Amino acid sequence: MPGPLAGIRVVDLSTVVAGPFATQILAELGAEIVKVEGPSGDILRAPGPARSPGMGAAFLNCNRGKDSVVLDLKQVGDRARLDDLVRSADILVHNMRMKAAARLGLDDARLRTINLGLITCAIVGFGQDGPYRDRPAYDDIVQAASGWADLERRAGGEPRYAPTIAADKTASLYVTTAISAALFHRARTGEGQAIEVPMFESMVSFLAVEHLAGLTFRPPLGPSGYARLLSKHRRPYPTRDGHIAVLPYNASHWRAVFRAAGREDWAQDAALGSDATRAAMIDTLYERLAGCLAQDTTEAWLSRLAPLDVPCTRVNRIEDLLDDPHLAATGFFEAVDHPTEGPLLATRPPVRFSRTPCGATRPAPPLDSGKP
């Protein structure tokens with residue numbers, strides 16, 4: 001059965017991760033994606049590991065289900081070919097700075113003269129009505145500007161970036177949501193429209209949910225930051241033979257853990273009964289938890305806490321996920337055969353649809369292998 005976006009055609013001029021990750025999700029949902037690349041290809045093709053030049057792992061993991069078409073948009077003839085693609089498209093996505101996009105004829109006003117119903121989505125570093133609009137923006141820059149990097153300092157360390165491409169991928173999820181909403185509007189009205197997804201504002205919105213905290217109120221009722229998440233004691237805890245993640249979240253969880261550790265005195269602490277008092281002593285509680293968990297092995301704690309319905313898990317390495325029994329049961333990792341790169345491992349879409357299932361798509365394309 002076709003996916004929910006079957007019949008939707010996307011012209012994708014985006015590069016690296018902010019954009020390509022979003023359009024891969026659209027491909028997994030059934031959309032046709034025409035990836036337009038310059039003569040040297042998306043720069044994400046270059047980083048390894050790779051079996052062949054231009055087919056690195058990150059590119060393969062971010063561009064499944066797409067056709068690749070090479071166009072040099074500095075050439076008049078290739079801009080005309082792009083216009084032909086736009087005429088048959090439902091959506092155009094790019095992550096160029098807006099002045100550069102306009103120089104290449106990718107401004108929304110001109111594109112709409114070619115296809116009135118077109119939905120355009122520009123992924124930018126900063127919203128175009130603010131003073132930062134022309135600044136370059138990469139993932140690390142947005143993590144720093146949005147407050148993400150400083151949260152690490154507040155949690156007891158030094159400012160640092162997340163060890164994943166957090167800002168790009170967060171923006172990509174906003175892109176898929178915005179495009180879906182614009183398609184719904186067009187289905188009702190016939191109107192296309194321009195979408196702007198700024199990485200900076202997307203990340204600030206993402207973090208503000210819990211970390212705006214007391215600043216939510218006017219006047220403020222306290223500082224920013226969600227105290228539990230910023231505790232220096234919130235971490236995977238050492239056990240006798242490794243590490244474990246344990247998250248007692250309510251009073252019954254805390255009492256169960258302390259009783260399992262033989263600390264009835266802590267289990268009887270009246271402060272555990274109130275959300276407010278637990279929050280006030282969260283550092284103390286986490287210190288107690290760390291001391292308890294160090295007394296036994298990881299497996300012993302998992303077997304003791306899981307029957308008590310206390311949230312807990314072993315601390316997996318990425319390698320461990322390939323043998324995870326739950327992921328195996330759900331068929332999350334899939335073996336695919338790439339036409340040029342040979343056997344590969346891919347992930348299936350994490351979401352499920354009962355009526356319009358999305359599933360495995362074609363592997364990421366070699367450069368200029370598609371048919372526009």
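Strand β11 (342-347) supplies the largest share of the lining of the largest pocket, at five residues. This is a predicted model, with pLDDT of at least 70 needed for local features and 80 or more for side-chain atom pairs, while totals for chains, interfaces and linings use all residues. Numbering runs from 1 along each chain as its sequence is written, and side-chain values use heavy atoms, leaving out hydrogens and water.

A pocket here is an open set of points on a 1 Å grid over the protein atoms alone, where a 1.4 Å probe fits, with protein on both sides within 12 Å along at least five of seven lines; lining residues have an atom within 4 Å of a point. The largest pocket comes out at about 1,300 Å³, volume being the space filled by probe spheres set on the points. Its lining runs to 43 residues, with Ala57, Asn61, Cys62, Arg64 and Thr347 nearest the centre. Among the elements giving two or more residues to this lining are α1 and β10 (333-338); helices (H or I, at least four residues) and strands (E, at least two) are DSSP runs, numbered from the N terminus.

As for α1 (residues 20-28), eight of its nine residues are buried (under 20% relative accessible area, 1.4 Å probe, protein chains only). Pro20, Ile25 and Leu26 are among those buried. Just past α1, glycine 30 has a positive phi of about 110 degrees.

Elsewhere, tyrosine 226 sits in the loop between α9 (199-211) and α10 (227-230).

Conventions:
Buried means under 20% relative accessible area, exposed over 50%, partly exposed in between (1.4 Å probe, protein chains only).
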